[in-house]
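Visitor: I have a structure to get through today and would like to ask about it piece by piece. Can we start once it is on the screen?

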Amino acid sequence: MPTETFEFQVEARQLLQLMIHSVYSNKEVFLRELVSNASDALDKLRLEKLRDDSLDADVSDLHIEIDVDKEARTLTVRDNGIGMSYDEVGQLIGTIANSGTATFLKELKEAQDEAGAEGLIGQFGVGFYSGFMAADEMTLVTRRAGESQGTRWTSRGEATYTLETVADAPQGTSVTLHLKPADPENQLHDYTSPWTIREIVKRYSDFITWPIRMVPEAADGDTAPEPETLNSMKALWARSRDEVSDDEYHELYKHISHDWREPLETIRLQAEGTFEYQALLFVPAHAPHDLFTRDFKRGVQLYVKRVFIMDDCEALLPPYLRFVKGVVDAQDLSLNVSREILQQDRHIRMMQRRLTKKVLSTVKDLMAKDADRYATFWREFGTVLKEGLLTDTENRDAILAVSSFATTHADDEPTTLPQYLERMKDGQDDIYYITGESRQSIENSPHMEAFRAKGIEVLLLTDAVDEVWVDAVGEYEGKKLRSIAKGAIDLDAKGDDKADEEREKQAEEYAGLLGWMRERLDEDIKEVRLSARLTVSPACVVSDAHDLTPALENMYRAMGQEVPRTKRILELNPGHPLVKGLNQAYEEREDRTELAESAELLHTLAVLAEGGQPKDPARFVKLVADRLERTL
Ligand code: ADP
C-alpha cells in the first residue's frame, strides 16, 4: 500500500498546535506519558495471551526500551506489547475520542492567556501528543500482536499525518522523536543524554512493573554495550510508608489516572490475615468533567500478586466513591478472575467494605486536621458522596459525619450537622432545611420569613440528590430533618395562651374566605389555611408533610416515570393588608368574578415566590396587565 496522507481531526490539530508552541513548562513529562502508554500496551498483551494462548505473540521478555542517538538527535521509546492495527493507529492517534478532551479544548479557546492554557494542559493531560513538546517530528511504527504487517505513522504535528504499511515491523510499538534543539532556558533539556533519561525515568516511572531498559550508544569499534535497567519495578503499595516519597506516590497516581495534577490525598491500606491484600488509593484534587455521565469509567486497578489484572474494577468500591483512583493488589485471587466472578466473590465484598470505611475515615481525618483541604474535597465530591446516604445504609452515619451543607448561618462557610446541633435554639426540636435550585432562590423564598425573623438556622440544600436523601435519612442524632416548605410550621412557643386565642379568632374571621378559595383553586390546591411562617409575603405554597415536592415530581418525570400531580397547600398571611382586604371584599360583595381572579393571582404569586412557574403564563400576564391598566 502506498503512503497515504490524512488530516487530523480539528480538535486534534488544535491540541497539536498547543503542544508545538508548548506553554507547558514541565516538558520532560512527555517521556512519562510515552512510557505509561508502553506499559499499558505490555499489560494488554500479557492479558490477551493469557486469555488466548494461540495468539501469535512472544511474551517471554516483555519490556520497554529507550534508545538515544546523539548524532541524529532522536529518542525512541519501544515496547514489545500489544501494538496497533492500521485502523487503530488512525483511530487512536489521529483523533481525540476522549470526551474530557472536547471540554478541554472548549475551555482552552476561552482561556486565551498562557497561564490559563498551561493550567488546562495539566488538568487534562494529553498523552501521546505531549511528545511534540520536545520533538518537531514523530514517527510511530507498530504491529498488532497476531498480525503480520505493521504500520508506520509520521507527523510534524501540523495539519496532517501519513500512514503506510510496513512489512517487517517487530511486535509492539516504537515511537521515535526527532528532537528539537535543546533550550534549557525554556525547560527543554537534552533528551539524548543518558544521564537526563535516567533521571527522568527514575523520577516519573520507577514503579512501572515492566523493565525500562536503555542501551548506551556504542563507541566506535566497541562491542554493543549491555542494556541497563533504569527502574526498580518495585510496587509502591508493597513498600513501607517510609521507603516511598510523596512524589513517588503522586507519579503513580498520574500514571493510573491520566491526571497531570497532584492528588488531594493518598490512602494506604495493608490487610493481613487469611485474605491478604494491599491498597494504594488516591482522592483526586479535582472532579473529572464526566463524573456524572453514564459512561464514566469508575473503579481502581486490580493486581494479583503484583501482576496487573484489570482496569476500572468496579467491584472494589461503591458507586458513590467512583472518583477514587488507585491500585488494589490481592494475594489469593486467581490470575484469570473475571468481572462477573468478582461481583459475587465474598472476599471482594469484604474488601469493598473495608476500603469504603477507610476512604470515609480518611475524609473524617482530613476534616479534623485540615479544613482547607476538606473544603476542597467537599466542593469537588460532596455531591457524589451524598448519593451514598441513599445507597449505603451501613455507612450512613459515617457519611453524614463528613458531610457539610450551606446554611443561613454563614454566607460562604458550610456547616456540619454537629455544628448545627450546637447552635440550635432552646426548645428547637428539629433540624430545618429547604431544598431548591440555587442558594439565592431559596434564601429569598417566603418559606424562610419566620425563620429569619426568629433567627432560626436553615440548611440550604441545592443538589438534586438532596431532594431524595433527606427523606431517606429522616433524622440525625434523634433530631428530625424537617423541610420548611412542607407540612405545618409553628415556631411560636407552645402553650402561649395569648397567641392561641389570637389564632382562634383569626380562624373564625377567615373561615369563609378559606373555604371559598379552596373551591376556586381546587385544581391545584388541596387546602387553604392561615400561615405561621410568613412575616412579609401575603401567601406561600407548601407541600403536605408526606407528599412529593415539585422538584421531585419533575425528577421522576425526567426519568420517564409517571407520577400523578400532587396538589399543594396554600397558606395566607393573616397580617398582610392584601389578605385582609381580600377577606373584607369576600364578606362585602355578592359578585365574586373579580375576587376569583384575585385568588388566582395570589396563588400564582406564591408559586413564583418559591421559584416555580405559573401554570398558564399568558393568562397570568393578562390578569396582571388588566389590573395595572386600571390603576393608571
Ligand atoms: P491515553 O493514553 O490517555 O488514552 P494517548 O493519546 O496517549 O491517550 O493514547 C491514545 C491511545 O493510543 C491509547 O489509549 C492506546 O490505545 C493507543 N496507544 C498509545 N501508545 C500505544 C502503545 N505504545 N502501544 C499500543 N497502543 C498505544
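Guide: Let's start with Arg353, which counts as partly exposed because its relative accessibility is 46%. Keep in mind that this is a predicted model.

Visitor: Which residue does Arg353 form a salt bridge with?
Guide: Its partner is Glu394, and the closest N and O atoms are 3.0 Å apart.

Visitor: How many salt bridges does the structure hold?
Guide: There are 51. Side chains of opposite charge can pair when their charged atoms come close.

Visitor: Give me another one. Which residue does Arg144 pair with?
Guide: Arg144 forms a salt bridge with Glu48, with 3.6 Å between the closest N and O atoms. Arg144 lies in the loop between strand S4 (135-143) and strand S5 (150-155), and Glu48 lies in helix H2 (residues 29-51), so the pair ties together parts that are 96 residues apart in sequence.

Visitor: Is Arg144 buried or exposed?
Guide: Buried, because its relative accessibility is 17% and the cut-off for buried is under 20%. Glu48, at 25%, is partly exposed.

Visitor: What about Glu262 and Lys254, how do their side chains meet?
Guide: They meet in a salt bridge, at 2.9 Å from N to O. Lys254 counts as buried at 10% relative accessibility, whereas Glu262 is partly exposed at 38%.

Visitor: Change of topic. Where is Glu248 found?
Guide: Glu248 is in helix H7 (residues 246-257). Glu248 is buried, with a relative accessible area of 19%.

Visitor: What is Glu248 in contact with, leaving aside its neighbours within four places in sequence?
Guide: Glu248 is in contact with Asp206, Phe207, Leu236, Arg239 and Glu243.

Visitor: Now the surface. Which residues gather in a patch of negative charge?
Guide: Asp497, Asp500, Glu501, Glu502, Glu504, Glu508, Glu509, Glu587 and Glu588. Helix H17 (497-520) and helix H19 (577-588) are the elements that give two or more residues to this patch.

Visitor: Which element gives the largest share?
Guide: H17, with seven residues.

Visitor: Pick one of those. Is Glu501 buried or exposed?
Guide: Glu501, which lies in helix H17, counts as exposed because its relative accessibility is 59%.

Visitor: Where is Tyr586, then?
Guide: Tyr586 is in helix H19. Tyr586 is buried, with a relative accessible area of 16%.

Visitor: What does Tyr586 touch, not counting residues up to four places away in sequence?
Guide: Gly512, Leu513, Trp516, Arg592 and Leu595. As for Leu366, 220 residues from Tyr586 along the chain, the C-alpha atoms of the two are separated by 61 Å.

Visitor: Last one. Which residues are buried in helix H16?
Guide: In H16 (residues 466-473), Asp466, Glu467, Trp469, Val470 and Val473 are buried. Gly474 follows H16 and has a positive phi, near 75 degrees.

Terms used:
Residues are numbered from 1 along each chain as its sequence is written. This is a predicted model: local features need pLDDT of at least 70, side-chain atom pairs count only at pLDDT 80 or more; totals for chains, interfaces and linings use all residues. Side-chain values use heavy atoms; hydrogens and water are left out. Patches are made of residues with over 30% relative accessible area and no salt bridge: like charges are joined within 9 Å, nonpolar side chains (Val, Leu, Ile, Met, Phe, Trp, Tyr) within 5 Å. Accessible areas come from the Shrake-Rupley method with a 1.4 Å probe; for residues, only the protein chains shown count as cover. A salt bridge is a side-chain nitrogen of Lys or Arg within 4 Å of a carboxyl oxygen of Asp or Glu. Lys and Arg count as positive and Asp and Glu as negative; His and the chain ends are not counted. The place of a charge is taken as NZ of Lys, CZ of Arg, CG of Asp or CD of Glu. Helices (H or I, at least four residues) and strands (E, at least two) are DSSP runs, numbered from the N terminus. Buried means under 20% relative accessible area, exposed over 50%, partly exposed in between (1.4 Å probe, protein chains only). Contact means heavy atoms within 4.5 Å.
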